[in-house]
Amino acid sequence: MAFDTVIANGTVVTATDTYAADVAIEAGKIVAIGRSLPRENAGRVIEAGGKYVFPGGIDVHTHLDMPFGGTITSDDFETGTRAALFGGTTTLIDFAIQYKGQSLRTAFDTWMQKAAPKATSDYSFHCIITDLPDAQLEEMPALVRDGVSSFKLFMAYPGVLMLDDGSIFKAFRSAAQTGAMICMHAENGGAIDVIVKQALAEGKTAPKYHALTRPTTAEAEATARAIALAEMAGAPVYIVHLSCNDALEKVREARDRGLPVYAETCPQYLYLSIENFDVPGFEGAKYVFTPPLREKWHQEKLWQGLRNDHLQVVSTDHCPFCYKEQKELGMGDFTKIPNGGPGIEHRMSLVYSGGVAQGRFSLNRFVELVATTPAKLFGLYPRKGTIAVGSDADLVIFDPKRQHTISAKTHHMRVDYSMFEGIKVTGMPDVVLSRGRVVVEGGRFLGRAGQGEFLKRATYAGL
Ligand code: URP
Ligand code: ZN
Ligand code: ZN
């Protein structure tokens with residue numbers, strides 16, 4: 001037997017098991033897992049003694065090459081997927097935006113053109129719906145059939161991205177029929193707008209007022225409303241970028257009632273807080289994203305939520321804008337700061353470090369949060385999200401002892417600052433494989449633009 005590659009002597013970790021085994025790869029797939037697999041004739045043997053072998057990470061919330069806030073996110077599909085691979089994320093689900101008056105198909109085609117020539121990792125899309133007259137409602141099932149089996153709706157940003165409750169309800173009804181998943185940006189946009197206008201009228205223009213004008217209650221109210229609309233329609237719902245305990249409580253209550261309600265949080269809400277705005281001058285703009293940073297005590301509640309399965313996924317909401325010239329668009333008016341922060345590269349290490357290394361949850365729960373549950377919820381499992389015979393050989397050889405201090409000086413994202421500057425993590429990817437190809441090794445990138453494949457996703461089938 002001659003395998004293309006054998007990963008030898010590692011500790012294989014899935015969402016359920018941890019065991020010593022070799023992993024053999026042929027034609028981009030995992031073909032054997034076992035002790036002492038024959039390696040004499042293998043094209044390549046990668047030694048993984050003392051390391052974990054994880055399934056490649058899946059980040060279901062990124063914004064690459066996205067026009068937003070009067071500018072465009074600074075990572076495109078080449079630089080963004082490359083940074084993701086450095087961090088052990090081998091699959092992304094990005095967002096294709098339907099602008100008002102456009103068909104959903106146009107959104108999909110537009111984002112395919114951005115991604116296909118550039119992506120270095122596999123990718124897929126959710127479709128953001130900003131306008132839902134009957135013609136677009138009727139388009140939803142066709143998109144689902146073509147593998148775009150999830151949609152993001154906004155309850156915030158009135159006049160720009162926000163959908164009214166009637167349209168949201170119609171989208172949930174369509175999803176209930178087709179098996180699509182609705183991803184919800186849950187914040188009460190109408191109330192927030194009133195608070196924002198008042199702050200500006202009072203001369204409160206500094207970056208921190210972005211956070212102070214978006215109360216946790218506005219997130220909790222919209223989360224509860226989204227859950228109610230989904231329940232009435234008989235559909236599941238996935239709450240994106242959940243930031244605070246108030247919203248978490250709404251998710252927990254719904255799940256306790258047995259509803260198919262799921263939620264993600266992001267590393268920024270686990271590691272950063274409103275205190276990050278205590279920096280000189282305009283630098284707080286680096287932390288302007290939505291929902292905003294909260295008081296510090298929310299962090300531990302979110303970690304607990306991850307441990308206890310009240311939260312199911314950690315994504316990044318990677319939405320990078322350079323501080324110079326992009327964030328600076330909002331100098332003198334926080335409402336003009338492009339909303340978003342960079343994080344695609346460090347999700348795996350931040351969650352491993354804070355979760356596993358600090359004893360908050362198990363190795364298996366870590367894999368579940370960053371790879372397996374994202375794959376299951378968004379129609380990629382078992383091709384992605386696990387280590388099993390027949391699955392894609394998207395694998396991360398992870399050194400649990402390696403320490404690293406996150407810095408813009410060393411990261412691979414195309415952005416001039418890091419939200420996590422100076423944070424020390426324990427645990428880093430050493431070697432990353434995408435469909436059997438070594439794409440990161442020894443700190444070097446070995447992939448190429450355009451090698452990433454578009455993934456047609458199946459519909460939601462429960463967890
Ligand atoms: O501030 C953020 N999160 N920007 C990206 C858009 C969104 O709402 O996810
Ligand atoms: Zn959002
Ligand atoms: Zn987002």
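Which residues lie nearest the centre of the second largest pocket? I looked this up first. The model is predicted. I found F86, E345, R402, H412 and M428 nearest the centre, in a lining of 16 residues. Two elements give two or more residues each to this lining: β16 (395-405) and β17 (424-434). The largest share, three residues, comes from β17. By class I noted four nonpolar, nine polar and three charged residues. The space in this second largest pocket comes to about 220 Å³.

**Largest pocket**

I then turned to the largest pocket. Its volume is about 440 Å³. I counted 19 lining residues there, and those nearest the centre are Y157, D193, R214, T335 and N339. The lining splits into 11 nonpolar, four polar and four charged residues. Helix α5 gives the largest share of this lining, five residues. That sent me to α5.

**Helix α5**

Helix α5 runs over residues 189-201. I checked its length. Its 13 residues should span 18 Å at 1.5 Å a residue, and the end C-alpha atoms are 18 Å apart, so the two agree. Which residues of α5 are buried? I got G189, I192, V196 and A199. Seen down the helix axis, these buried residues fall within an arc of 80 degrees, so they line one face of α5. The face turned away from the buried side carries V194, K197 and A201, which are exposed. I also asked what covers the buried residues of α5, and α7 is included in the cover.

**Helix α7**

I ran the same length check on α7, residues 216-233. Its 18 residues should span 26 Å at 1.5 Å a residue, and its end C-alpha atoms are 26 Å apart, so this agrees. The buried residues of α7 are T216, A218, E219, A220, A222, T223, A226, I227, L229, A230 and A233. Where does a positive phi turn up by α7? I found it just after the helix, at G234, with a value of about 75 degrees.

**Cavities**

How many cavities of 30 Å³ or more does a search of the whole structure find? The search gives three. The largest cavity has a volume of about 140 Å³. It is lined by 17 residues, and H63, F68, K152, Y157 and D317 are the closest to its centre. I sorted this lining into nine nonpolar, six polar and two charged residues.

Definitions and conventions. Residues are numbered from 1 along each chain as its sequence is written. Chains are lettered from A and ligands numbered from 1 in the order in which they are written. This is a predicted model: local features need pLDDT of at least 70, side-chain atom pairs count only at pLDDT 80 or more; totals for chains, interfaces and linings use all residues. Side-chain values use heavy atoms; hydrogens and water are left out. Helices (H or I, at least four residues) and strands (E, at least two) are DSSP runs, numbered from the N terminus. The expected span of a helix is 1.5 Å times one less than its number of residues. Buried means under 20% relative accessible area, exposed over 50%, partly exposed in between (1.4 Å probe, protein chains only). On a 1 Å grid over the protein atoms alone, a cavity is a set of points where a 1.4 Å probe fits but cannot get out, and a pocket is an open set with protein on both sides within 12 Å along at least five of seven lines; lining residues have an atom within 4 Å of a point. Grid points are joined across faces, edges and corners, and a volume is the space filled by probe spheres set on the points. Ala, Val, Leu, Ile, Met, Phe, Trp, Tyr, Cys and Pro count as nonpolar, Asp, Glu, Lys and Arg as charged, and the others, Gly among them, as polar. The arc is that of the directions from the helix axis to the C-beta atoms. Contact means heavy atoms within 4.5 Å.
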